[in-house]
Amino acid sequence: MAHGFGVGFLSLTLALLALSCSQALRIHSKTKTKSAVFLSPVFELEPGSVVNRIYYNIDFPRGHIALKRFHAEVVDDAGNPIPLHETYLHHWVVARYFYRKEAATTKDDGSIRNNYLSGRNSGICQKDVLGNTLLGNPAEIPKGYEERWMLNVHAIDTRGAEDKLGCTECQCHLYNVSKDEYGRPLSPDYIGGLNCCYDHTHCRVRQGFEGAKRSLFLRYTVEWIDWSDHIVPVRIYIFDVTDTPVALNDSKVDSYEHSCKVEYEVRESCKATGLTSHGCVDTKRTKLRLPTGGYVVYGVAHQHTGGIGSSLYGEDGRVICSSFPIYGKGEEAGNEAGYIVPNRAL
């Protein structure tokens, strides 16, 4: 983070091809890319308000397919994109799951969980998030279940906020909360993070500011191709810089217990060794072991405002890939000044 105070979110998502050189020759066949645009269920926001909702059984392409691209943005009921300086899209998560065929479709979380199996990714952290890019494969769907998709949207309305950055960093004093969403008291040294900006919380706005409540949607565009024998699927791995793996000595295989915390706080003020021409740089490092080998074909870091980059190194010290955020320079959606806009990966 480039600030003396802040909440850091840094995870790295990798797409890994696990194949031999002979298999790699099969992926050059031409395939037709399909696309579709969907809307999430409506959610309402007013100045300072927060939504953090999970929507089950969302609209999504069906059948035996391979995902190529997913793009999401917040829009109003007229389809106009909403800029981040008005509604901050803290994160969205799309995840595959399997639902028992004989169970009734319901919106009750408890009932859903009783008939729910996660379509997990390959590790190492946040295993319920994402999943592999090859979908609808009958061999992967448990008997008696069908494939479905869920969507998590976490958005904060910062119109009229006393401290927009503080609201997006979920600084607890701005939300006036002392307990998390489950009613558990927060630790005195927990000064900001997801435990303070959960669903139905409210970030402080300027006295006298008035803004209309509005109906919003997450509009998501999906691109995919139908399955063919020419497709080589990738495995998705998520790394977390807060992870401190511990070897399981009692195991007969090379395995580890992971402690992925998702977020971390930048507490210390700038030190002489951390000063740059732009402020203070806080650096986190961790060392992880992949359970399998392969070719890295894509990698991108999840970063919030203040992030300046992330790199993945091989055990020999070489850089495998780096991900640097792009900061907007304008007012319009997709180019908001001071906010991270779509990342580029290398």
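Is F70 buried, partly exposed or exposed? With a relative accessible area of 22%, F70 comes out as partly exposed (buried is under 20%, exposed over 50%, partly exposed in between, with a 1.4 Å probe and protein chains only). Keep in mind that this is a predicted model, where local features need pLDDT of at least 70, side-chain atom pairs count only at pLDDT 80 or more, and totals for chains, interfaces and linings use all residues. Residues are numbered from 1 along each chain as its sequence is written, and side-chain values use heavy atoms, with hydrogens and water left out.

**View A. Aromatic pairs, starting with F70 and Y220.** The count comes to 10 aromatic pairs; rings of Phe, Tyr and Trp (its six-membered ring) pair if their centres lie within 6.5 Å, and planes under 30 degrees apart count as stacked, over 60 as edge-to-face and the rest as tilted. F70 and Y220 have ring centres 5.6 Å apart and planes at 15°, so they are stacked. F70 sits in strand β6 (residues 65-76) and Y220 in strand β11 (residues 214-226), so the pair ties together parts 150 residues apart in sequence. Strands here are DSSP runs (E, at least two residues), numbered from the N terminus. Y220 is buried, at 1% relative accessibility. Ring pairs also link F38, F60, F70, W92, W149 and Y220 into a cluster.

**View B. Y97 stacked with Y116.** Here the ring centres of Y97 and Y116 are 4.9 Å apart and the planes are at 20°, so this pair is stacked. Y97 belongs to strand β7 (residues 87-100) and Y116 to strand β8 (residues 116-118), 19 residues apart. Both Y97 and Y116 are buried.

**View C. E336, buried without a salt bridge.** Look for E336 in the loop between β20 (319-327) and β21 (340-345). E336 has no salt bridge (a side-chain nitrogen of Lys or Arg within 4 Å of a carboxyl oxygen of Asp or Glu). The nearest side chain of opposite charge, R214, is 10 Å away; Lys and Arg count as positive and Asp and Glu as negative, while His and the chain ends are not counted. Beyond its neighbours within four places in sequence, E336 is in contact with residues including I82, H85, K329 and V341 (contact means heavy atoms within 4.5 Å).

**View D. L290 in its loop.** L290 lies between β17 (279-280) and β18 (295-302), and is partly exposed at 30% relative accessibility. L290 and S122 are 168 residues apart in sequence but 9.7 Å apart in space, C-alpha to C-alpha.

Terms used
Helices (H or I, at least four residues) and strands (E, at least two) are DSSP runs, numbered from the N terminus.
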